[in-house]
Structures are given as structure tokens and as C-alpha cells.
Amino acid sequence: MRITQSMITRSLLQNINGNRQSMSTVQNTISTGKEVQSSSDDPVRFSRVSRFRKTMEQNQQYMRNIVDARGWVDMSGSLLEDVYNQILSVKNYTVQAADASNNESTRAMLASKIQNHLDEIVNLFNTQYLGRYLFGGTMTTAAGPFAIEGDTVTYNGNSGEVKRRIADNFDVVINITGQQVVDTNIFSSLKNLRTAMATNDLDGITTALSSIEGLAEQIQGLQSSLGSLKNQLSMTQNRLEISNTNLSSFISNEEDVDMVEAIAKYNAEELAYRAALKTASEALNLNLLNYLR
Amino acid sequence: MGLSRIMDISQRALLNNRSAIDTVAKNIANVNTDGYKRRRVDVAQLIGFGQVTSYTNRENMTRIRNRFIESQLRNEQHKLGKFQTSEMLLRNVESIFGEPLQSGLNSVMSEFWNAWNDLGNNPENPSARVIVRDKSVLLGNTFNRLYNDLKGLQQEVGVDISEKVKRVNDLLRQINSINGQLRKNSSSDLLDQRDSFVSELATILNIEIREYSDNDMTISTGGRILISKDYLGEILMEGSYENGFANYIFRLNSGQEPLVISSGELGSLIAVNNTNIPGFVQKLNQMAFNIAQYVNQIHRNGYNQNGVTNVNFFKDGITGAGDFAVSEEVRTNPDLIATSNVLGEPGNGTLAHMIFDLQTEPLFNNDTITNFYHALISQVGSQVQEASFLRESQEMILQNLKNQQDSVSGVSLDEEMTHLIEYEKAFQAAARLVNTADKMIDTLLSIV
């Protein structure tokens, strides 16, 4: 085969250019730390990484929802705790009132204490969290879901559920509605108790005592349902966190550069490049002309 | 045989070697000229017994070439042109989509859906509404930007196409006029010039060439003749517009039937213009249309804080990515954003959650919008990758063929130097011959 000047130049140029190109590719992966930077680098891996990223983002949204839900549930729980304590003091007063040695005026005094507790309980159930009434269902009213007039409490909210999405197609209900509270008969029991005390009706007070005891249990029941919800939330959060840790290591596996390998490769490319340059400087000077005098 | 005869022969030998050295000079001068084919002087038997059978002149040179390699080269050139252009244009498309950057549609869409989720969690919160509005406006801008950038790219491609067509017609005219001159007399320089025009033409579009022994040449593309002895073709280009996107068709001045240009730079430009870009835009349109449609459908049935219902969240009558936008009333008054599916429940965020859920629903032939978009990006990526791969291998093929061609037709300095010395020596010898003959004549004359 005849080897001509243009062939030598062409292949030298091509080789040098090729070396430059692969050097710049490796350099680029080293400086960005990523092997797959755009879809064309590797469409299959890129699309897999995009899917992983999307799932991670969604998980993060779910975790934000869980944090929000926990705040709500914690707040509801501590309010129920307060209500429970109120009920306990009501119970003490009731035992006191049921004592036959107490007279009418003591009972009337106790009746006003019960009224105070009732006011306080309604206040507690009207608590807002981040601008929303915790026990109002999905009805937002300016004055709060519970209105009290004398010893009569009315509920103006609804039984709408407040939900948070904590996984794909999975919602949890995080609120206890006012209706559920009303259904414990807390307000009617307290009203009956107060009336019985105010009218010095000893039989009525004795009947009320048992219903107050039942009430404490019911409030505890609501609390424990929140407790198990909290459990569920933290379990889901753990699961999401583990899932995201795994996903980010998958992503890193797919797109990150193995530095040791990349640097070794870079050195090899650089060596080849130097060799090509050296050859070029020698080969281009080599020519019969040098020897003709 | 007289002494003057020797003088005569030596003179011709001198001329002959000088013209050989001329040729060497020409070869050396063109050592780096692209498309130059080395010349060689045909030295036929110069001196016969008793008579001169032939002598050389400048035009009696042969261009050393290998027709087989040349035709292979032309057959491969248009493919390189096609793959190079496709790769460049599709890389442009890829960078327009700009994944996986923060400004890419993927992350903008995620933010859009998440904003709805946050609003669903806090339906009474006015700032959550403003965020939904802002993210939706951003989504609209992103769709518009993609649409306009793709359209802009297509317009540039259109300009390129018309320039390439003009260039093809220029080249055809030039080749035709060289053909005319060659019919009158053959010239190596003209042949070289024609070769370089043909080679440029072969990069722009796929052509088939027939060369005849009298140096005439017929060029055709896709079975349609562009140049023959008595015909000079011209490519005409016609554009039609569909949804603001141009579609070009071509024909020859000789007839109405369309001319299909499938390869070469021009072929690739046409494919990107007529098929690829409109294909991507159509998918974007489908996404934009579906998002607007489904979100509006849900949104219209919802109620805002004040019980207002039947409001379009996105503009009514959105046809695609180009006109995708949040409706004017929602944009100016985010309070109109509905969150509740029941009248009179301001704390109800079900509707906003339903909109969030749209992203996981199979809205595109059993595919979610996210997967649909990922598939689009993969499609762009794999098209770039394919073009890049083909371009690389095509470069190797062409490199190889060019080397083969140069091996036959290229100038080797070493070889020319050797020839130079060879001819120089011969020239010296011929001169010496003249000298000797002269002395012989002197000797003879001195006898007298």
C-alpha cells in the first residue's frame, strides 16, 4: 500500500482528535462526578434514574404530609389529654357532691365549678392548629365549631374527614370530628350533672357519676386511636426514609462516576494523547527531503 | 542516421523530462489539495527505431484513480452528512428539553403537583393558593418555552434547507457547465474540479453517478435524473404550514411528482423538520392538552372558600403546549382556586388532592403523564445516541475509504522526490547527449 502525505496527516489528526475527545469526556465525568448527565449519554439508565428521582420526590412530599399530620395528631392528643384531666376533676367534684353529708349550698357551689369546667372543655375543643379548628370537620367557622350557651353546647361543624396522603393511593384520616366528641355524650352528661347539682338532686348526681366514669374511658379511647395513628405515621415515615436512602444509592450507582476508575482511565487517555502528539511531531518531519542534499 | 538526428532526439528527451519534472512540481504543489489526484506523465516509447513514435505534451498526463473506491466513497458520504446533521440537530432538541435541570419540565411538573397536595392539606391557607397559582404559571411558561424553542429550531432548519437546496442547484449548474466544456476537450483540472463539486453534492444528498468513458456524467437521486447530456435539473421546494409548523416537499422542474430526498445533510434536515420536531411538539401538545383538560374537569366541579364553582383553572380551549396557560381570572385572583368537592366545606381539600392524584393516573393510553414524558425524553436521547453512534462508525468507514483513495491517488512526497531525482538525472543525461553530439559535430567539422 502506498502511504501518502495526506493519509499520514489525516490519521494523525483523527487520532489526536479522538484522544482529545475521549480525554474531554473522561474529564467531564470526573469534574461533574456523573457518568450519565443527559438522556443521550444512556437513555435507559437516564430514564431509570428519572423514575427513581420522581419516586424520591413523591416520597418527600409524603414525608412532608406525615410531618404535617403528626403535628395535627400530637396537638389533638394533648388536647384530649387536657380534656381527660378536666373530666377527672369533674369526677372528683361529683364524688364530693354525691356525699350525703354535703348540703345544698355546697352542691350549688360545685355546680358552678362544673360550669367552669364545661366552658374550659368547650374552649379546648375549639382550639385551632395552623389556623384550622382541630375538631370542626371540614367546616370552617369563624367562631369555632362548638358554641356554648349556658350549659347547652351545640356543634356547628360537620363530620368531614381531614386526610393526609402518606403513600401512593393511601390516605389516613387524621382528625377527630366534633360529631365524634358529641357522640361521647360529654356535653349532655356534664349538663345533666350540673343541673342535678344545682337542683340538689342526689339521685341524679349518683346516676351522673357512673356516666362521668364512662366518659373518661371514652376520651381515653379517642386518645388511643390517635396513638395508633401516630404509630402508623412513624412507621410509614421510617419506611419512606429507608426507601429514599435506597433510591439515592440506586441513583448514585446508576449515574455516579467511579473516581478511581475514571482517573485511571484519564491517565491512560492522557498517555495515549501524549504518544500521539510525539508521533505527530516525528512523523510529520520524516521525509526524503531531509536526506537529499 | 545523421548526427542532427541525435540532437533532435536529445532535444525531445530534454523536453520530455522537463515536462515530467513539471508534473512532479504540480504534484508537490498540490500535496495537500483536497480532491487532487496525482498526475503521471505517459511516457510511451519515445524513441523507436529510426523514428519518433510519440512525444509528450502537458495534457498527456493520466490522473491516477480508482473508480471503484470513488463510487464507494460517494455512496458513503451522504450517510455521514445525514448522521452528522441529525446528531447536531437532535442534540439541540435535547438541550431544549434541558433535562434533568431544575428548569426542565420534569421538575416543574413535580412542583406543580406537590403544590396541589400542599393546598389540599391546607385548603384555607391563602399562601398555599398563591403557590399553586405561581407553580401553574411556571408550568405554563415552561410548556410555552419548549414549544417556542422547538418552533424556533424548526425555523432555523427551514432556512438551512432552503440554503442547501440553493447550493444543490448551484452545484448542478456548475457540474453541467463543466460537462459541456469536457465534451469539447478533456482537461485534468476540470475533471478534478468536477470531482470536488460532485463530492460536495454527495454530502448534501444521496446521488447515483454514472461516468462514461468520454468523461460525460449522469447524476440522479432516488431514481430521478438531475443531470444528463441534455438535461439540467433544478430542485424546487414548497412549504405548507400545519399548526404553525412548516412541512416541506420537493419536486424537480421537469415534473410534478414529488422528489424524495432521504439521505445526506439535506435528507436529515428534511426529516428533522418534517418528522422529528413536529413529532416531539405533538407529544408536548398532547401532554399540555390532557393536563389542562383533566385539571379543568375536576376543578370546574369544585368550590372555593366562598362557594364559587364552575371555574376553569387553565384557559378554556387550550390546544397544546403553545397556548397552555392558567386562566386569566385565576391568575389575577387565586382565591378562585377550588379545593372542596362539597359546597360549604372550606376546610375540605379533597378536590386539590384529586388533582394531585392525576399524576399517577393513566391518562395517556394506560400511561401516567410522568412516564409519558420520561418516554419522550428517552426517545430524544436514544435518537441522539443512535445518530452519534452511526456518525462515529460512518466516520471510520469514510476515513478508511479516503485512505484507500489517497493510497492510489494521493501525492507521496518521498515518491515525488525520487521521481524528481530520476527525471533530473535523465535530463542531465539528455543534456550530456546534446553536448556529445555537439562535440562529435565539431570533430567532424574540424576534419574538413
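Reader: On what basis are the residues numbered, and which of them count?

Author: Residues are numbered from 1 along each chain as its sequence is written, while chains are lettered from A and ligands numbered from 1 in the order in which they are written. This is a predicted model, in which local features need pLDDT of at least 70, side-chain atom pairs count only at pLDDT 80 or more, and totals for chains, interfaces and linings use all residues; side-chain values use heavy atoms, with hydrogens and water left out.

Reader: How many residues of chain B are in contact with chain A, and what area is buried between the two chains?

Author: The size of an interface is often given as the accessible area lost when the parts come together. Contact means heavy atoms within 4.5 Å, and buried area is the accessible area (1.4 Å probe) that two parts lose on being put together, summed over both. Here 54 residues of chain B are in contact with 43 residues of chain A. The buried area is about 4,000 Å², with carbon and sulfur atoms giving 46% of it. Asn121(B), Gln399(B) and Ser407(B) supply 13% of the area that chain B buries against chain A, more than any other three residues.

Reader: How many salt bridges are there between chain B and chain A?

Author: A salt bridge places a side-chain nitrogen of Lys or Arg within 4 Å of a carboxyl oxygen of Asp or Glu. Four are counted between chain B and chain A. The side chains of Arg2(A) and Glu415(B) form a salt bridge, at 2.7 Å from N to O.

Reader: Which helix of chain B gives the largest share of the side that touches chain A?

Author: Helices (H or I, at least four residues) and strands (E, at least two) are DSSP runs, numbered from the N terminus. Helix 9 of chain B gives the largest share of that side, 18 residues. By class, the side of chain B that touches chain A has 14 nonpolar, 28 polar and 12 charged residues. In this division Ala, Val, Leu, Ile, Met, Phe, Trp, Tyr, Cys and Pro count as nonpolar, Asp, Glu, Lys and Arg as charged, and the others, Gly among them, as polar.

Reader: What is the volume of the largest pocket, and which residues lie nearest its centre?

Author: On a 1 Å grid over the protein atoms alone, a cavity is a set of points where a 1.4 Å probe fits but cannot get out, and a pocket is an open set with protein on both sides within 12 Å along at least five of seven lines; lining residues have an atom within 4 Å of a point. Grid points are joined across faces, edges and corners, and a volume is the space filled by probe spheres set on the points. The largest pocket holds about 1,100 Å³ of space. Among its 38 lining residues, Arg10(A), Asp34(B), Leu398(B), Gln399(B) and Lys402(B) lie nearest the centre. Helix 9 of chain B provides the largest share of this lining, 10 residues.

Reader: Which helix gives the largest share of the lining of the second largest pocket?

Author: That share, seven residues, comes from helix 1 of chain A. The second largest pocket has about 930 Å³ of space, and its lining comprises six nonpolar, 11 polar and 12 charged residues.

Reader: How many cavities of 30 Å³ or more does the structure hold?

Author: There are four, and the largest cavity has a volume of about 90 Å³. Its lining includes Arg38(B), Glu415(B) and Tyr423(B).
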